Amino acid sequence: MSTTDYDIHPRTKLVRGHNRASYDRETVHRIIDEALICHVSTVLDGRPVMIPTAHWRMGEQFYIHGASKNRVLAAIANGADACICVTHLDGLVMARSAFHHSANYRSVVIYGKGRVMDDPDAKMEQSRLFVEKLAQGRWDQIRQPSKQELKATMFLEFDMEEVSAKIRSGDPVDDEEDYTLPVWAGVLPCRTVWDDPVDDSRLDRSLLPNATPA
């Protein structure tokens, strides 16, 4: 196994748009870590199903969590294969022809089986890592999960072995004869921006040590 690149597997080998493929570990890690939401799919009762959920990563382990009675997570816990996708939209690519309109994006796809984490201490640590990904330092400010809350939550761990990234960036790629068409072409950049915090309607500010929301 390469220390810098993921091995290419039949399921991770990109055929269409193979020039946009990346198996570089740092690139894959960065795409995963900068995202807050992934989409997890599997087959349940013979039908494809998918859910959006939060995720986090530690080294070569990928984690998701949810209600213990969640049917999709339960199917994966019982051995069903999972396909996980993490995506960033970086811009709309406006070409001179309808056919060549596209998007600039960064994405990662992971295939594998999930392992249920049963140890309460391990689940508590993963809870901490999840919260700290959302806002560093917040774990020490909040009430930590109770035994019952941990019991009601399923944590799934995935080995990052069958992994690939796909990235598109840059200008539209038009047919040569279309470059003379009298129409604007280029990229409409897209980025995620956090707005000012909004207080909970039941927040009692007199209980706070300071006015900082996180």
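How many aromatic pairs does the count come to? I began my notebook with this point, and the count comes to 3 aromatic pairs. I used this criterion: rings of Phe, Tyr and Trp (its six-membered ring) pair if their centres lie within 6.5 Å, with planes under 30 degrees apart called stacked, over 60 edge-to-face and the rest tilted.

**Basis of the entries.** I note that the model is predicted, that local features need pLDDT of at least 70 and side-chain atom pairs pLDDT 80 or more, while totals for chains, interfaces and linings use all residues. Residues are numbered from 1 along each chain as its sequence is written, and side-chain values use heavy atoms, with hydrogens and water left out.

**Entry on the rings.** I looked up W56 and Y63, which form a stacked pair, 5.9 Å centre to centre with 15° between the planes. W56 and F155 form an edge-to-face pair, with 6.2 Å between centres and 75° between the planes. This second pair links distant parts of the chain, as W56 lies in strand β3 and F155 in strand β8, 99 residues apart. Strands here are DSSP runs (E, at least two residues), and helices are runs of H or I of at least four residues, numbered from the N terminus. I recorded W56 and Y63 as buried, and F155 is buried as well. Buried stands for under 20% relative accessible area, exposed for over 50% and partly exposed for the range in between (1.4 Å probe, protein chains only). Ring pairs link W56, Y63, F130 and F155 into a cluster.

**Entry on a charge over a ring.** I found the charged end of R25 over the ring of Y6, 4.2 Å from the ring centre. The criterion asks for NZ of Lys or CZ of Arg within 6 Å of the ring centre and within 35 degrees of the ring normal.

**Entry on D159.** I placed D159 in strand β8, residues 153-159. Its relative accessible area is 27%, so D159 is partly exposed. Leaving aside neighbours within four places in sequence, D159 is in contact (heavy atoms within 4.5 Å) with E60, Q61 and R115. With R115 there is also a side-chain to side-chain polar contact of 2.9 Å. A polar contact is a pair of N or O atoms within 3.5 Å; within protein, one must be able to donate a hydrogen and the other to accept it, and residues adjacent in sequence count only if both atoms are side-chain atoms. I also noted G59, which is 100 residues from D159 in sequence and 9.6 Å away in space, C-alpha to C-alpha.

**Entry on E162.** I located E162 in strand β9, residues 162-168. E162 counts as buried because its relative accessibility is 19%. A polar contact of 2.9 Å joins its side chain to that of R11. Not counting residues up to four places away in sequence, E162 touches residues including H9, T12 and Y111.

**Entry on D45.** I found D45 in the loop between β2 (37-44) and β3 (47-58). D45 is not a glycine, yet its phi is positive, about 55°. Most residues other than glycine have a negative phi. At 66% relative accessible area, D45 is exposed.

**Entry on the cysteines.** I looked for disulfides, pairs of cysteine sulfur atoms within 2.5 Å, and the count comes to 0. C38 is in no disulfide, with the nearest cysteine sulfur, that of C85, 8.7 Å away. C38 counts as buried because its relative accessibility is 0%. The sulfur of C85 is 6.9 Å from the closest cysteine sulfur, in C83, too far for a bond. C85 counts as partly exposed, at 26% relative accessibility.
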